[in-house]
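Hello,

Here is the structure I promised to pass on. My notes follow below it.

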Amino acid sequence: LPPSRRQGLELEGAWQAAESLRLRAGYTYTDARFREGVLPGGPFAIGTNLDVAGKHVPLVPAHKLNAGFSWSPAPRAQLTGNLLALSSQYMDNDEPNTLGVKIPRAVLADLKFAYGFSWGRVAFSVNNLFNRSYYTYAVRSQFTADRYAVYPLPGRTLGLTVEFKLL
């Protein structure tokens, strides 16, 4: 791909709100653009000599926010939560930014509860807590100008982990 430039801002913070409660958050702003370049294309491609100078680099969300907590309600118990928000982004193979459709923004939440025992640990997790339909990867057709393929990610998933100490 032609030369690109990524610049932006990252902010991150954490706060021990109480002895058993820790909060954290982070925000990233990224401006990712091609500095110069023309994609040659071809007779069976969406176009030829596609100027990408100044266009957004595909698959890079401009805004990303994550926030979470870790709470220990009892000595061996821990509840953690995470929230992730991504802004919309251009699809793979849409370097000229002309498709008119982007990967939509997504907001996801996860929870996990873990409890430790003398013999090990048991954890239960729920990912995509609100069962959102989303995807973070899609690719524009190289041959048909208004077509694209989406690769959806799972809805709500449940997990159970059991860890044993061997010593």
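**What was found**

Among contacts in the protein (heavy atoms within 4.5 Å) between residues at least 6 apart in sequence, 57% join residues at least 24 apart.

First, the ground rules. This is a predicted model: local features need pLDDT of at least 70, side-chain atom pairs count only at pLDDT 80 or more, and totals for chains, interfaces and linings use all residues. Residues are numbered from 1 along each chain as its sequence is written, and side-chain values use heavy atoms, with hydrogens and water left out.

The protein has eleven strands and zero helices. Strands here are DSSP runs of E, at least two residues; helices are runs of H or I, at least four.

The radius of gyration, taken over C-alpha atoms, is 21 Å.

Of the 167 residues, 27% are buried, meaning under 20% relative accessible area with a 1.4 Å probe, protein chains only.

Now the cores. A nonpolar core is a set of buried Ala, Val, Leu, Ile, Met, Phe, Trp, Tyr and Cys residues joined through side-chain atoms within 4.5 Å. The largest has six: Ala32, Phe34, Leu39, Val52, Val57 and Val60. Apart from it lies another core of five residues, including Leu99, Ile103, Tyr135 and Ala138.

Leaving aside neighbours within four places in sequence, Ala32 contacts Arg5, Arg6, Lys55, His56, Val57 and Val60.

Best wishes

Note on methods:
The radius of gyration is taken over C-alpha atoms; the globule rule is 2.2 Å times the number of residues to the power 0.38. Buried means under 20% relative accessible area, exposed over 50%, partly exposed in between (1.4 Å probe, protein chains only).
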